[in-house]
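I opened this model to look up two things. I wanted a pair of helices and then the pockets.

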Amino acid sequence: MNVTVAALQTAFSDNVAHNVARVTELVREAAGKGANIILPSELFEGHYFCRSQKEEDFGRARPATAHPTITHFQKLAAELGVVIPVSFFEQAGPEHYNSVAVLDADGQNLGVYRKTHIPDGPGYQEKFFFKPGNTGFRSFATKFGTIGVAICWDQWFPEAARAMTLAGADILFYPTAIGTEPEEPDLDSRDSWQRVMIGHAVANAVGVVASNRVGKEGDGKDAITFYGSSFICDARGDKLSELDRTQEGIAIAALDTAMLRRVRASMGFFRDRRPDQYGTLGR
């Protein structure tokens, strides 16, 4: 089955309506180019607020049920016949999560994934806001194939990619917000960020789609310049589409899920893996 996937890349204001309109515009453009599954970046409703610990930013959270942004994109997904994984700040009673709702091509919400790995460091102070997710790594059977979705910091963990593939995913989607390091201005993680996900693609024989934002957010020592570089790669690790560090637009490419499965079978990674010997990984 040929599936056309797209990663959206844009800068954001701190106005929800403006950002939803901008992502909607890009979703429509991607659908017009033939995209079947369209990935916006992480927490796109506003600025990446985890740069600092401000109590008022908990006011950004909403329950998944009747969430206005999710409802909007459910209608858009049904109108255009596309799949949209929607990142949002989830309030669940007294708990808060960094989550993604996977919306199928008929607008149905197939379920929510809650970010498992929560970073904590200068500029990326997510542990103040988010509880570690409790959904486990899932796969979602969409109209256009079975996919896995994980979020930003999750993308550095090979266990997450392997778990989603074991759950049946042929393509992994990573909405992201990553850029400069406020305390290490000379550190540029862009290439490592891409390489680790390309490694997941090769080691699991899956396609990978990563969507990042661009632009500078914040002032002074908590400012971050997001480095974009959204990309799509295949099971061989070849980048099929890529945006640069500053451009706004769409990375788009076609993946053959039947071919991905053939590569996965022929490489023998899942035939030869020895989970009975990996006990230390559970420590």
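**Helix pair**

I began with helix H3 (residues 158-166) and helix H4 (residues 190-204), whose axes come within 10 Å and cross at roughly 40°. This is a predicted model, where local features need pLDDT of at least 70, side-chain atom pairs count only at pLDDT 80 or more, and totals for chains, interfaces and linings use all residues. Residues are numbered from 1 along each chain as its sequence is written, and side-chain values use heavy atoms, without hydrogens and water.

I noted the crossing of H3 and H4 as right-handed. Which residues make the contact (heavy atoms within 4.5 Å)? From H3 I listed Pro158, Ala161, Arg162 and Thr165, and from H4 His200, Ala203 and Asn204.

**Pockets**

I turned to the largest pocket, with about 320 Å³ of space. A pocket is an open set of points on a 1 Å grid where a 1.4 Å probe fits, with protein on both sides within 12 Å along at least five of seven lines; lining residues have an atom within 4 Å of a point. Its lining has 19 residues, and Pro119, Tyr124, Trp153, Ile178 and Glu181 lie nearest the centre.

The second largest pocket holds about 220 Å³. Of its 17 lining residues, I found Val16, Glu45, Gly46, Arg60 and Phe89 closest to the centre. Helix H2 (68-80) and strand E3 (84-92) each supply at least two lining residues here. E3 gives the largest share, three residues.

Methods. Points joined across faces, edges and corners; volume = space filled by probe spheres on them. Helix = DSSP H or I, 4+ residues; strand = E, 2+ residues; numbered from the N terminus. Axes fitted to C-alpha atoms, helices over the stretch in contact; angles between N-to-C directions. Left-handed = near helix turned anticlockwise from the far one by under 90°. Contact = heavy atoms within 4.5 Å.
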